[in-house]
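This report considers the overall fold of the chain, the surroundings of its two ligands, and a few individual residues. The sequence and structure are shown first.

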Amino acid sequence: MTHNASPNQPRTHSSHWGVFRAHWADGRLVVAPHPADPDPSPLLQNFPDALRHRARIARPMVRRGWLENGPGPDHRRGRDEFVEMGWDEVLDLLARELARVRDAHGPEAVFGGSYGWSSAGRFHHAQSQVHRFLNTALGGYVRSVNSYSAGASAVILPHILGPFDAVCRRNVTWTQILEHTDHVLAFGGMAIKNSAVASGGISRHIERESMARAKERGTRFILVSPLRTDLPDEAGAEWLAPVPGTDVALMLGLAHTLASEGLHDTAFLGRFCVGYPQFECYLLGQEDGQAKDAAWAAAICGIAAERIVALARQIAKGRTLITVAQSLQRAEHGEQPVWMAAVLAAMLGQIGLPGGGYNYALGSLAHYGKQQNAVPIPTLAQGTNGVKNFIPVARIADMLLNPGADYDYNGRRMTYADIKLVYWAGGNPFHHHQDLNRLREAFARIDTLVVHELAWTATARHADIVLPCTMTLERDDIGAAATDPLMVAMHKLAEPFGEARDDYEIFAALSRRLGTEQAFTEGRTAREWLRHLYTRTQEALAGKGLPAPSFDEFWEAGEITLPSAPDDGGILRAFREDPDGQPLPTPSGKVEIFSETVAGFGYDDCPGHPAWLPKVEVPDAWHPLQLVANQPYTKLHSQLDFGGYSASQKRRGREVARMNPADAAARGIAEGDIVRLFNDRGACLACASITEDVRPGVVQLPTGAWYDPADPTEDKPLCVHGNPNVLTRDAGTSRLAQGCTGQLTILEVERFEGNLPPIQAFEPPVPVSIG
Ligand SMILES: Nc1nc2c(c(=O)[nH]1)N[C@H]1C(S)=C(S)[C@@H](COP(=O)(O)OP(=O)(O)OC[C@H]3O[C@@H](n4cnc5c(=O)[nH]c(N)nc54)[C@H](O)[C@@H]3O)O[C@H]1N2
Ligand SMILES: Nc1nc2c(c(=O)[nH]1)N[C@H]1C(S)=C(S)[C@@H](COP(=O)(O)OP(=O)(O)OC[C@H]3O[C@@H](n4cnc5c(=O)[nH]c(N)nc54)[C@H](O)[C@@H]3O)O[C@H]1N2
Ligand SMILES: [Mo]
């Protein structure tokens, strides 16, 4: 294993957005994509400037009010000063606080949900590290389930088709599309910016090329989305732009046309599905007197009825694949489009056919549409959590604000824990959560917030104890994902910034103080852990009679190619080929168009079959526009927002908000103007870009700009940088899944006329000393 931390020969490393080689030249890190990557992501160029940026955290810091008054609820979180502290002292302090909370309240008063993507390495994976630490040191913690990505789909899919991974990750591949697919109907598109990314790493970005080649062969792509850019030009797509949040109405209009013209596959519906008759009653309006026909759909979604009818006829011919981006379910009633798209694919009779049917989330991440590896990849065991209580991940602020309150989740009546201490490592709730002013209130209620961060995110600024951690470039690790054949030796490329330490080192030192070091470290150094974790893959390779290089050989080579499992369509194909022998893992063993289980929960916001449901958030006179707060193309979430590529794409230092010329003209907004986006929850600034690529009535502001309050002492400060989560609504998708609904909200936009406030998000706090 090499110990040269600033090599002048290229060494491999990996990130969620690509594998690369880096070396030092003239005091600067030079990052070049892996030569075999056909379409590398520009996100790689966020690394060089980020490494030594002033936004990095150099030393441990403790919030002044917490030091002076001790743990307890405090509105000054996020508004207070910080005091620097040496490592030994801060670790002693934190170990005492952890022991206090454990002894006085038990581990059920600790929230270690710690949602977040952190970095690609499988050992220094911050979430695994913090969970393992809390399990071994405290006996457990209140955890979170599901994700911000797929909050609604992860709950509804197992009721209707099968496990989440089986529907999105082991289903239709790009290879199948190239060979078989005639029509791809993509709700929410398959934006190239999104498939730039896969957790654990991605070695070859093949989506653009796959779409180009499929189009050349004759595949027709139909994009259903408020943004034209949600499919690449190479797909040559036809663009339909419905009102955001109305896809279910459009899908029902398509389904009605299929049913009324006899274009639906009754044999498939009878043999492979349950509940079509109940659904058809609803579709045809036999209960409520309202046929969900194309004219009805047109009035809701804004796509002409004739176009809906023609589209239904088109997709009924040949091999049709329906995809639904994750964005559609990150919204009020997000379960419905996920379910309704499955019903549409079932009516076409194509579920389980090569290149046909339904692949939820294809194109949303680079994990999907690929083959699985035939051998396991390294993972760090997290130990056993003694606490049974959990929350659906996006209910964090609800929990902190309402200890002891009851709520519904997936057929269960749940109770929020009374949380005293929150421990975050590897995530940024001031990026991922909705209604940030409410989140600030929630964090004011607890005794202690601990954050490990590599940079001064708003989450770090709201913490009581801030511990500086290394970034991926500053340590050795192994990069791997279950759907990528390249396992990567991630070589350390730089010494840690300031006094930053690895999360592992920090947790090991805390464990030592709490008397649980052996359980946490198992006596291994970080280097010994890498060797240890590697053996799982090595042994599996040897077991298959394949070359199984030693760890040192792997490390020297920088990468190893893992074998792939066959492209067999997974459980949906198996079910289609043998419905009795290989039933789906649903209650009926079939596709559930009507679910007795879901109906049995009695939720009016998620009935027994997919339906068009009224929404709380619809544009009104005060908020006539809809905000699409989607994933950024210049970074992964909030990560390295201070990096070179992200910075270069901002305008006047702000995030760019795109809007249609008609909406801009009506408000006197011109290209490059600073605009204020606002609603009842909050306001932010952004730089306007005017384009026909955005549907009228829609403003698009990506997530990712760091929350930057003009005056942090205010309760609802203006974010001067463009973080859309000051505007979004903090409410669950439904009582079924309680997923995140951050994608869409309502707002108004105006030209900002005042003096332009400076960007302060990347300026580190100036430490104070106290007597
Ligand atoms: N409005 C709206 N909100 C959304 C979404 C949306 O569409 N609209 N999308 C949602 C989705 S899908 C997701 S997945 C979430 C993403 O939310 P997050 O995953 O929380 O976002 P990241 O910016 O990736 O946060 C990772 C943090 O970990 C830090 N980090 C990196 N490496 C390390 C490490 O080694 N150790 C430690 N301790 N820290 C490290 C980074 O600096 C960064 O601050 O956002 C969600 N929020
Ligand atoms: N570059 C980059 N790539 C990423 C990420 C990132 O942060 N940066 N994040 C990754 C993560 S963690 C995830 S989970 C995935 C998320 O994958 P998605 O959630 O699918 O990604 P988004 O970009 O939020 O949304 C995709 C598109 O859906 C469209 N859309 C929004 N609302 C609606 C609607 O109501 N109807 C229709 N038809 N379309 C709508 C928007 O125009 C948007 O561009 O992306 C991943 N890829
Ligand atoms: Mo996500």
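## Basis of the ligand shells

A residue is near a molecule if one of its heavy atoms lies within 4 Å of it. The structure is a predicted model. With that cut-off, 34 residues surround ligand 1, and 30 residues are found around ligand 2.

## Overall architecture

The secondary structure of the chain amounts to 26 helices and 29 strands. The radius of gyration is 26 Å, close to the 28 Å that the globule rule gives for 771 residues, so the chain is as compact as a globular protein of that length.

Along its principal axes, the C-alpha trace spans about 80 × 65 × 55 Å. Of the 771 residues in the chain, 63% count as buried.

Within the shell around ligand 1, the closest residues are His432, Glu453, Asp503, Ser638 and Asn725. By class, this shell comprises eight nonpolar, 22 polar and four charged residues. Helix 16 (429-432) and strand 18 (448-453) each contribute at least two residues to the shell around ligand 1. Because domain 1 (61-145 + 379-479 + 495-523) and domain 3 (625-751) both give residues to this shell, ligand 1 lies between them.

Oxygen atoms of ligand 1 take part in contacts with both backbone and side-chain atoms of the protein. On the backbone side, an N or O atom of Gly426 lies 3.3 Å from an oxygen atom of ligand 1, and a polar backbone atom of Asn428 is 2.9 Å from an oxygen atom of the ligand. In the side chain of Arg475, an N or O atom is 2.7 Å from an oxygen atom of ligand 1. Taken alone, ligand 1 exposes 930 Å², of which the protein buries 98%.

The residues that come nearest to ligand 2 are Lys193, Asp230, Asp247, Ser327 and His637. The shell around ligand 2 divides into 13 nonpolar, twelve polar and five charged residues. Domain 2 (165-369 + 568-601) and domain 3 (625-751) each supply at least three residues to the shell around ligand 2.

Asp247 places a polar side-chain atom 2.7 Å from a nitrogen atom of ligand 2.

## Individual residues

Thr181 is located in the loop between helix 7 (174-180) and strand 8 (183-187). Since buried means under 20% relative accessible area, Thr181 counts as buried at 0% relative accessibility. A polar atom of the Thr181 side chain lies 2.7 Å from the backbone oxygen of Gly355.

Val30 belongs to strand 3 (residues 28-33). With a relative accessible area of 33%, Val30 is partly exposed. Val30 and Pro48 are separated by 18 residues in sequence, and their C-alpha atoms are 6.8 Å apart in space.

Definitions and conventions: Residues numbered from 1 in each chain as written. Chains lettered and ligands numbered in written order. Predicted model: local features only at pLDDT ≥ 70, side-chain atom pairs only at ≥ 80, totals over all residues. Heavy atoms only, no water. Polar contact = N/O pair within 3.5 Å; in protein donor to acceptor, adjacent residues only side chain to side chain. Areas by Shrake-Rupley, 256 points an atom, 1.4 Å probe, with all protein chains shown as cover. Helix = DSSP H or I, 4+ residues; strand = E, 2+ residues; numbered from the N terminus. Nonpolar A, V, L, I, M, F, W, Y, C, P; charged D, E, K, R; others polar. Domains from an automatic or database assignment. Rg over C-alpha atoms; globule rule 2.2 N^0.38 Å. Buried < 20%, exposed > 50% of the residue type's maximum accessible area, 1.4 Å probe, protein only.
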